[in-house]
Structure formats: C-alpha cells, structure tokens
There are 2 protein chains.
Amino acid sequence: MRLTTKGRFAVTAMIDLALRQNNGPVTLAAISQRQQISLSYLEQLFGKLRRHELVESTRGPGGGYSLGRKAAEITVADIIVSVDEPIDATQCGGKENCLGEGNRCMTHELWAALNAKMVDFLDSVSLQSLVDEQLAKGVVVENAPMIKRAISSAPVVKPIRVNAPNSVFALGGAAFSK
Amino acid sequence: MRLTTKGRFAVTAMIDLALRQNNGPVTLAAISQRQQISLSYLEQLFGKLRRHELVESTRGPGGGYSLGRKAAEITVADIIVSVDEPIDATQCGGKENCLGEGNRCMTHELWAALNAKMVDFLDSVSLQSLVDEQLAKGVVVENAPMIKRAISSAPVVKPIRVNAPNSVFALGGAAFSK
DNA sequence: GGTATACTCGATCAAAATAGTCGGGAAAGA
DNA sequence: TCTTTCCCGACTATTTTGATCGAGTATACC
C-alpha cells in the first residue's frame, strides 16, 4: 500500500464531496476553495478517480462530480489505489524464485506481511465512516443554494504551497509492494 | 503518518535484524546482502534508528547492530516515525483558526480522523509479531557461524535500482499530517 | 446560435523526496 | 598496526509531487 500526500488530498477531497453531494454535483472549483487544493491538481486526481469509477462527472452549468457509488461502499484503500495507480507490485515479478539462491525473494516476503495488514486495514475504513465522524464533530455543511449559478466572482484562491512537506505522519512516496 | 519505501526498507531491515540478533550483533553488510538494500543507504537509516534508540551499535570486528529493546516493545509506527522524522505535522500550525473564515482548517480536520486511525493501527503492530509471522512461515535463519570472521570475500552485491518505484501498494512520499 | 460553465486532456515545470555514491574518519579487536 | 565495522557529511541522479498553462468538448440556458 502506497500512501502519499496525493492520497491525502484525494481522501480529503472525497470526504468533502461526500459531505455535500446531496445538493447535486459538486464542482472542483468549490472543493478547491474549501480544501485549499489547486484546481488543476484536483482535475488530475479526479481524472483518476473517475477512471476507477469512484466518482461520476456531469458537464456543463450545474455540473460537477458525484460519488460513483454509495459512500459506504467506497473504502479508503479504493481511493488511495486509484490515485497511486501503479500496477507492478512485487519487485521480483510475483513468482517464487527471484534470486536463485534458495531464498526466494526474502526482501519481498518480509514486507508482504505488514503490507497485507495495511491493505486490510485501509480497506476496512469506508468513506461513509469518515463522513459520519465529521458530522458527529459538528462540521457545518452549507445547505443547498438552490439558486444555480450564484455569485460568479468569488475571489480566486491562489494556494501557495501550503502543504506540510514533511508532516510527522505523512503518507510518503514509495512502496508497500504488492 | 507518513509511509515511504524508506519506511519499507527500515521495517524490512529491522525484521531481518530481529530474526538474527541472537547470534550477536548483525552487520549492515549482511543485511545489505540479504535484503538487497545499498549499504550506504542502510547506514543512513540505521543512523536514525540509533538516534531514536531503536537499535544499538557495536564497533569493530564482530560488531554490528542489535535491537535497542525487545522486539515486542518496538512497533512499526516507531520505526517509520524514526526514519521519516519530520516534526511539523499540521499545515496550519496546530491551532484552531488557520483560515480566518470561520472554518478552522477544515482540510486538516478532515484528514486528522483517518490519520489517527493509521497511527493507532501501526502502533498496534509490533516487530515481534512480524518476526513470529516469518518464523511461522518457516523462514530459515542460518544458525550462528560461531567462527567469527568467516569467508571474507563474499561477492559484493551491487544493488541496481531494484526497488519497485511504483508498486501498487507502495508507501508513498508525503503527508498524513499530525 | 452564442455564451458561460464545467469537465478533459496533454505538455511542461520547480521543488522536494528518494535512493544511492563517495570519501574520510573513529572505535575496537586481533 | 591492520582490519573490521560503525559514523558522518557532502554530493548526485532519478522520481514524485504539486502546480501551471493552454487547448479542447459537452451541456445548459438565454
């Protein structure tokens, strides 16, 4: 399992989306403003999320994104795998004998145990549970502005590199193989 | 919680160490060969692990590294935090109102929930449990060559970028803040 | 039809992290 | 003294991150 800020952004954005999709599709511009993530970056992330069918898109005025299936049926593992993509996995090729020398890919073996635990764990956390937690905390979700196309020119937020490049607990950039 | 290949390497190396430390200190050179991790990189990682007192070092012939405390008392979270270091955490500064606009650092709030879960989880996995799993799997641990300084010139392994730069489940490079 | 909204796609880019190299030390044992 | 092993700092190549820009396409509404 690979965990990066990329994954963090994706999860955060998905929670934001889940919290608000009752009022119809949510635009990336809105998520960008609320979560301080650059619009272009969100576009990239949601491109992947859409290809993995975690979200659906609606174009044109009043359009935006909605969840591809119920929040309860989307897990954190789903989201993270979607944005981190890469398909390979095992350095050796996945089969038994990677190094002729008797010990078939011990490196890979050692890691596999923890990795499996991680995957299982993240797969047990649903988007819905995170949403519920937010609601329980009393997060206020502005209620549907039924007027479409509201005030057009909200001040464009120009996010300056705000992300903690090195949080203590940061999902970092490499490999939980398999 | 931040998870990188760096963390993977560290965990893998620690399991290797734990599996073998009964026969006295384990050299980085040995771990390097078995786990296919570059010696210099291991030195960097073990420097951090030592500063965090997860391992102890012994210099000179017959020297090497041993665990700083019992494997049962070392958690995966300990290891990962050690090599990933960074101390900051919350993009905002940790306090309540990061953005004047009523919503105090929602971005951070949203993420915090999942992050806490991750930390709790990784803190619940002990090095010992991973070691036990390996032993149960029947991993063969060569028994103590009681002859110190054995065959000196085992072919030096020159690890070519062997790490899956993009494993499906890779611990990636960024931020689980806090 | 025209226009504004919104997603879609691709190329490009600076900064950071990852993973590794190199070389010179310093302690300890034989 | 020689060898082994840890120790440390500087330096480097590659990859990833996160962001920007520009050119599209689909849709709604007037």
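Biologist: Is Gln36(B) buried, partly exposed or exposed?

Modeller: Keep in mind that this is a predicted model. Gln36(B) has a relative accessible area of 21%, so it counts as partly exposed, since buried means under 20%. It is found in the loop between helix H2 (28-35) and helix H3 (39-51) of chain B.

Biologist: What is the phi of Gln36(B) near?

Modeller: Start with the general idea: most residues other than glycine have a negative phi. Gln36(B) has a positive phi, near 55 degrees, and is not a glycine.

Biologist: Where is Glu53(A) placed, and what is its phi near?

Modeller: Glu53(A) lies in the loop between helix H3 (39-51) and E1 of chain A. Its phi is positive, near 60 degrees, in a residue other than glycine. Glu53(A) is exposed, at a relative accessible area of 60%.

Biologist: In which sense do strands E1 and E2 of chain A pair?

Modeller: Strand E1 (residues 55-58) and strand E2 (residues 64-67) of chain A pair in the antiparallel sense, over four bridges. Ser57(A) stands opposite Tyr65(A) of E2(A). The two strands form a hairpin with five residues between them, and Gly60(A) in the turn has a positive phi of about 80 degrees.

Biologist: How many residues of H1(B) are buried?

Modeller: The count is 15 of 16, so H1(B) is largely enclosed by the rest of the structure. Helix H1 (residues 5-20) of chain B reaches 23 Å from its first C-alpha to its last, close to the expected 22 Å.

How values were computed: Residues are numbered from 1 along each chain as its sequence is written. Chains are lettered from A and ligands numbered from 1 in the order in which they are written. This is a predicted model: local features need pLDDT of at least 70, side-chain atom pairs count only at pLDDT 80 or more; totals for chains, interfaces and linings use all residues. Side-chain values use heavy atoms; hydrogens and water are left out. Two strands pair if DSSP finds at least two bridges between them. Buried means under 20% relative accessible area, exposed over 50%, partly exposed in between (1.4 Å probe, protein chains only). The expected span of a helix is 1.5 Å times one less than its number of residues.
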